[in-house]
Amino acid sequence: MTCKAKYSIGDVSRICNVSKKTLRYYDDINLITPIRHDHNNYRYYTRDAILTVPIIKYYKQMGFTLDEMRFFIEGIESNSSYNTLKHSFISKIKELKRLKNEIQKQYISIKDWHDLITEAEIVMANNSREVSIKYIETTEYVQQKQVFNNDFKGSIINIEWTNYIDSLNIEVTGPVVINFLSLKKRLDEHPKHVRILQKPLHSAPVESLTSFGECMMASCYHIGPHENIGETYKKMFKWAEHYSYAFADESYERYVADYWSTRNSEQFVTEVLIKVER
């Protein structure tokens with residue numbers, strides 16, 4: 001940049017790659033103040049004023065507001081102590097940490113839901129209804145005991161569960177899982193005891209947690225209305241008998257796609273999981 005005594009707003013716009021509109025706005029809020037000629041009121045900038053633009057761009061990159069930038073620039077020009085700048089940076093670091101944690105929670109929640117939709121699409125596209133065996137890794141879940149009255153919608157979009165999560169002051173992510181504590185009673189119409197499970201986004205009270213997994217489980221996807229899920233259970237019972245597997249006396253239903261994603265029950269996808277032994 002060739003040094004001159006003064007620069008027009010067009011010069012500054014070209015040299016610093018910033019629009020004239022932005023420079024006028026910076027002038028209006030006293031962030032970068034040009035010199036004005038008395039006879040024509042034109043804006044002219046000194047070299048020091050031009051060198052303020054890269055400083056502003058860097059402050060902007062760090063997330064500071066224009067008011068904060070003006071405070072810093074005034075401090076630089078008045079030779080204020082490092083301590084003033086340091087305290088402002090500490091405050092901004094704390095603010096950005098809070099923002100980072102919030103964005104991270106949102107990212108995990110959205111990604112988990114996206115992954116469930118993708119899983120449901122793959123299951124439906126391949127009509128995956130066969131029984132298989134898979135190893136389930138240990139995962140920690142928040143849990144709450146409830147009574148299941150064959151109201152699938154009310155158990156999956158679960159007000160009691162939501163209020164419980166609120167009372168713990170935590171957040172959860174991923175699919176709702178219902179643990180039916182008696183496999184023998186799963187298909188009857190009577191109310192039954194269950195556990196509602198869902199993964200915590202971050203740490204949760206120890207007493208609210210349970211571990212699930214670290215075992216081999218029979219897995220079978222059920223496609224369609226929840227009310228017909230008994231067909232999938234019967235298929236799994238026949239499979240276990242044919243291959244001489246013994247089922248544990250409880251089951252887990254993992255709701256991959258449900259009322260949270262669609263009201264079309266033909267597009268519901270539920271994974272039934274039962275621990276197996278030989």
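A nonpolar patch is built from Val, Leu, Ile, Met, Phe, Trp or Tyr side chains joined within 5 Å, each residue having over 30% relative accessible area and no salt bridge (a side-chain nitrogen of Lys or Arg within 4 Å of a carboxyl oxygen of Asp or Glu). This is a predicted model, so local features need pLDDT of at least 70 and side-chain atom pairs pLDDT 80 or more, while totals for chains, interfaces and linings use all residues. Residues are numbered from 1 along each chain as its sequence is written, and side-chain values use heavy atoms, leaving out hydrogens and water.

**View 1. A nonpolar patch on the surface, made of Leu-96, Leu-99 and Ile-103.** Together they have about 250 Å² of accessible area (Shrake-Rupley method, 1.4 Å probe, only the protein chains shown counting as cover). Leu-96 sits in helix H6, residues 82-125 (helices are DSSP runs of H or I, at least four residues; strands are E, at least two; numbering starts at the N terminus). Leu-96 counts as partly exposed because its relative accessibility is 35% (buried is under 20%, exposed over 50%, partly exposed in between).

**View 2. The largest nonpolar core, with 30 residues.** Such a core is a set of buried Ala, Val, Leu, Ile, Met, Phe, Trp, Tyr and Cys residues joined through side-chain atoms within 4.5 Å. Val-142, Ile-178, Phe-180, Tyr-233 and Met-236 have the most contacts inside this core. Helix H9 gives the largest share, four residues.

**View 3. Helix H1 (residues 9-16) and its cover.** Its buried residues are Ile-9, Asp-11, Val-12, Ser-13 and Cys-16. Among the elements covering them are strand S1 (7-8) and helix H2 (20-28). Just past H1, Asn-17 adopts a positive phi of about 55°.

Conventions
Buried < 20%, exposed > 50% of the residue type's maximum accessible area, 1.4 Å probe, protein only. Contact = heavy atoms within 4.5 Å. Patch = residues over 30% accessible without salt bridge, like charges linked within 9 Å, V, L, I, M, F, W, Y side chains within 5 Å.
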